[in-house]
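User: I would like to go through the cavities and the strands of a model. Could you take my questions as they come?

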Amino acid sequence: MKPEVLNTGTFRAFAQSAKGQLPFAGLIATIAIGAIVLVGAAFMMVTTFVGDDHLFLAFERYAPNPLSAFVHDQHGGEFYRPLPMLFWWVLGRAAHGSRLPFAVLLFALHLVASIQAGTMVSAIHRDMRTGVDVRAGIFAAWLFFLAPITQEAAFWYSASTDLLATVFGLAAVVALLSDRPWRAALLFAAACWSKESALVIPLLAAIALRVQRPEIGWRAIAWHSGCLFPVVALYAVARTAVLRGMGRSGDVAASLVGKFVQIGSGLAHSVSGSVISQEGLAWSLGCAAWGLLAVGSLRLRRSAARGSVSFTAPVLWVLIAVAPLLAAPWIVGARYFYLPAVGISWLAGEVLARTNVVAIVGVLATLAGLDLAQVVSRRAEIVSYEARLSAVCRAVADGLDHGFSTFHIAAGVKDLDLAVKEDVRFRDRESDLVVLGDVPESFLALPDRRARELDFLLARPVIPPSGAYQFGVRRVVGLARRGDEPALAEVVARLPEIRFIRLRLAPGGRIVARDVTEALRHADQDPE
């Protein structure tokens with residue numbers, strides 16, 4: 001039996017298939033639009049450039065050509081992800097320092113990923129010719145869109161690698177389910193060139209094909225998805241050529257047992273994300289949710305519910321999607337579970353599609369409450385972060401006016417040097433300016449003329465593995481790891497002109513910077 005082809009665009013097909021198949025369609029559409037608007041507003045409120053974002057922005061600032069990432073190692077020997085770097089370069093140049101285009105991009109990617117997840121589930125049921133196919137897809141899309149863990153990932157600009165890989169990967173799966181192999185191959189290539197974890201997409205597509213077409217065997221499924229395998233080979237050749245090997249990490253890796261614990265923690269937090277800081281409670285909620293999903297799935301099978309999908313297929317999706325994470329040194333962060341969350345949403349969508357209205361309302365209300373708590377908490381963090389960074393920039397500007405060019409500032413900001421140098425006021429002083437922070441393993445845009453002078457501050461072994469990110473003529477290097485930092489006396493002896501700045505909370509909640517250089521030097525000289 002030839003599968004029915006989705007012969008319209010993804011969003012259009014999904015929307016049209018849903019029309020009239022749920023009660024109160026107009027009310028549901030109104031609620032959907034309202035939720036999209038509110039989540040979109042949240043993206044504008046709770047996103048800013050943090051962490052690795054500053055490294056991407058350094059690429060945008062220093063790299064003369066956005067296509068260089070496709071043919072030259074721009075990730076320090078670690079990764080090969082040229083497509084997101086292209087997006088960053090173009091958006092960064094167009095935005096002129098504004099975060100708005102990045103927030104819009106991530107919101108759009110998250111919305112499209114949610115629609116793709118729902119479309120995939122609907123496409124699976126469409127070929128099964130069930131009368132309830134669309135409900136599972138709609139719920140899968142909404143659960144993915146509203147889940148705190150997926151939103152938490154999408155709020156972080158650097159997670160664009162994960163979002164792009166997921167969007168293109170899901171689009172490739174949908175194309176295969178619709179018998180469009182060439183489109184699937186092109187979309188899969190875009191996913192691979194976004195992040196390495198997309199290499200599992202052929203296996204995930206095989207799971208979806210198997211559920212959609214249970215009458216054909218695995219050999220036929222492998223033949224049907226064979227269009228994706230040349231892409232894997234091409235990607236492996238390109239990655240090896242650019243990185244001059246398969247890539248490596250300069251970070252100290254967790255043990256294998258530790259990685260499994262981290263994966264388990266991520267799956268347990270699939271319900272609450274990082275909203276619930278108490279680990280015991282977060283694990284309890286996560287395990288309870290997984291238990292309810294298992295019970296709901298078993299009840300569907302026992303009752304032979306029409307068009308039901310077994311617990312096995314979505315869980316296999318999750319397990320395969322998390323498998324590449326074992327190659328990462330540490331698996332901490334919502335971004336790692338963005339693609340696995342598709343399988344979780346799929347399973348939950350199947351269960352909710354055949355349950356009562358009270359349960360549906362309860363689940364959606366719980367997610368909405370967690371989302372609100374996450375927005376409030378994250379907004380407070382963003383306000384604090386931006387206030388601290390603003391105070392740092394004021395202190396650096398004042399120090400430069402007094403003839404200083406080397407600073408150590410305790411602000412709790414990773415990659416502080418890169419963050420400060422995003423300020424246009426300091427562009428003409430980059431050949432001298434050095435801003436050290438209190439977050440280990442931060443990155444520094446190294447002034448060439450000061451390379452030998454600052455060498456004692458760098459990480460050993462080097463970060464990144466190649467020794468530096470080479471963006472155009474600028475080298476970006478990693479500073480010492482925690483516990484390996486040089487002593488204060490050595491820093492002062494080698495950098496006698498350094499100024500030590502500390503942030504203080506002034507009346508009215510304003511953050512101000514204070515120069516404590518002389519106090520620290522006297523304290524270091526005091527024998528007591």
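Analyst: The discussion below takes up the cavities and then the strands of this predicted model.

User: How many cavities of 30 Å³ or more does a search of the whole structure find?

Analyst: The search finds two cavities at that cut-off.

User: What volume does the largest cavity have, and which residues line it?

Analyst: The largest cavity holds about 100 Å³ of space. Its lining consists of Asp 162, Ala 165, Thr 166, Lys 195, Ser 197, Ala 321, Leu 325, Arg 335, Tyr 336, Tyr 338, Leu 339 and Pro 340.

User: Which helix gives the largest share of that lining?

Analyst: Helix α9, residues 160-177, gives the largest share, with three residues.

User: And how does the lining divide by class?

Analyst: The lining of the largest cavity has seven nonpolar, three charged and two polar residues.

User: What about the second largest cavity: what is its volume, and what lines it?

Analyst: Its volume is about 40 Å³. Among the residues that line the second largest cavity are His 72, His 75, Phe 79, Arg 81, Met 85 and Val 242. By class, this lining has six nonpolar, three polar and two charged residues.

User: Turning to the strands, in what order do the four strands of the open sheet run?

Analyst: The order is β2-β1-β6-β7, and the pairing is mixed. At the edges are β2 (434-436) and β7 (511-515), each of which pairs on one side only. On average, neighbouring strands of this sheet are turned by 30 degrees against each other, with direction ignored.

User: In which sense do β1 and β2 pair?

Analyst: Strand β1, residues 406-410, pairs with β2 in the parallel sense over three bridges. Within this pairing, Phe 407 has Val 435 of β2 as its bridge partner.

User: Which helix packs on the sheet?

Analyst: Helix α18, residues 357-401, packs on the sheet and touches β1, β2, β6 (499-505) and β7. The direction of α18 makes about 35 degrees with that of β7.

User: Which strand pairs with β3 in the antiparallel sense?

Analyst: Strand β5, residues 474-478, pairs with β3 in that sense over four bridges.

Conventions:
Residues numbered from 1 in each chain as written. Predicted model: local features only at pLDDT ≥ 70, side-chain atom pairs only at ≥ 80, totals over all residues. Heavy atoms only, no water. 1 Å grid on protein atoms, 1.4 Å probe; cavity = no way out; pocket = protein on both sides within 12 Å on 5 of 7 lines; lining within 4 Å. Points joined across faces, edges and corners; volume = space filled by probe spheres on them. Helix = DSSP H or I, 4+ residues; strand = E, 2+ residues; numbered from the N terminus. Nonpolar A, V, L, I, M, F, W, Y, C, P; charged D, E, K, R; others polar. Pairing = 2+ DSSP bridges. Axes fitted to C-alpha atoms, helices over the stretch in contact; angles between N-to-C directions. Contact = heavy atoms within 4.5 Å.
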